[in-house]
Amino acid sequence: MAERFDLVVFDWDGTVLDSASAIVQSIVAACRDLGLPEPTEERARYVIGLGLGDALRHAVPELAEEQYPRMVERYRHHYLTADQELTLFPGVAGTIEWLVGQGRYLAVATGKSRNGLNRALAHSGLGKFFHSTRCADECFSKPHPAMLEQLMEELGVGPERTLMIGDTTHDLQMAKNAGVAGLAVSFGAHPVEALRAESPLACVDTPRELDAWLRKNI
């Protein structure tokens, strides 16, 4: 089979790292600290993948602008208390290593901050496999196409040879906005029905299925 993609871009939280529940719990705990109404799990899950500012403002519409720094501080406190215990989805590290062995460029496009992603890459040991990364505090947040556009320009790969893999509608909409193919994983933050509504190339339900799809279609 002819090679189809030269650049594979991964979202991080909910796609590589099993962190969606920890993010939801941290948002809820931060709201509790500030005496704000706690969002439903569905609402908190929806914002995963967005930059932290956009995420908190959507998850907690009652948040006043002057409360924002305190909300960020409390969210980070709760998340960083637990993040060293978070684990990669089973088999994803092997899939990433295999892709590099096949000569593909690999990148990350994430709603995390640069400091947060650097910490995650170091802790996971996966940093050495990625040729480039983009974070929400460096350019426009998803679903704006800026992250993908910058990655493609840096690595010299066109949209028709680029694949975006993510667990949220934000990831798939970013791919559409950049003219890039999207592959959905339903084991992260957003429900499978919402992901399929974005018409990705496929929607895989487990990390094993993700690995099998890539080995067959990449």
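Modeller: Helices (H or I, at least four residues) and strands (E, at least two) are DSSP runs, numbered from the N terminus. Under that convention, Arg215 belongs to helix H10, residues 207-217. The model is predicted, so local features require pLDDT of at least 70 and side-chain atom pairs 80 or more, whereas totals for chains, interfaces and linings use all residues. Residue numbers start from 1 along each chain as its sequence is written, and side-chain values rest on heavy atoms, without hydrogens or water.

Biologist: Is Arg215 buried, exposed or partly exposed?

Modeller: The classes follow relative accessible area: buried is under 20%, exposed over 50%, and partly exposed in between (1.4 Å probe, protein chains only). Arg215 is partly exposed because its value is 43%.

Biologist: Which residues of H7 are buried?

Modeller: In H7 (residues 146-155), they are Ala146, Met147, Leu148, Leu151, Met152 and Leu155. Their cover includes strands E1 (7-10), E2 (105-110), E3 (132-135) and E4 (162-166), together with helix H8 (169-178); contact means heavy atoms within 4.5 Å. Gly156 follows H7 with a positive phi near 70 degrees.

Biologist: Why is H8 described as largely enclosed by the rest of the structure?

Modeller: Seven of its ten residues are buried, so the description applies to H8. Those residues are Thr169, His170, Asp171, Leu172, Met174, Ala175 and Ala178. Among the elements covering them are helix H2 (41-46), strand E5 (181-185) and H7. Just after H8, Gly179 has a positive phi of about 70 degrees.

Biologist: At what angle do H3 and H4 pack?

Modeller: Axes are lines fitted to C-alpha atoms, for helices over the stretch in contact, and angles run from 0 to 180 degrees between N-to-C directions. For H3 (residues 52-59) and H4 (residues 68-82), the angle is about 100 degrees and the axes are 11 Å apart. H3 is therefore roughly perpendicular to H4, on a scale where under 35 degrees is roughly parallel, over 145 roughly antiparallel, 65 to 115 roughly perpendicular and the rest oblique. H3 contributes Leu52, Gly53, Leu56 and Arg57, while H4 contributes Tyr68, Met71, Val72, Tyr75 and Arg76.

Biologist: Which domains does the assignment give?

Modeller: Domain bounds come from an automatic or database domain assignment. Here domain 1 spans 7-18 + 86-217, and domain 2 spans 20-84. Their C-alpha centres lie 23 Å apart, and the contact takes 18 residues from domain 1 and 18 residues from domain 2.

Biologist: How much area is buried between domain 1 and domain 2?

Modeller: Buried area is the accessible area (1.4 Å probe) that two parts lose on being put together, summed over both. The value is about 1400 Å², of which carbon and sulfur atoms give 49%. Of the area that domain 1 buries against domain 2, Leu86, Arg119 and His170 supply 38%, more than any other three residues.
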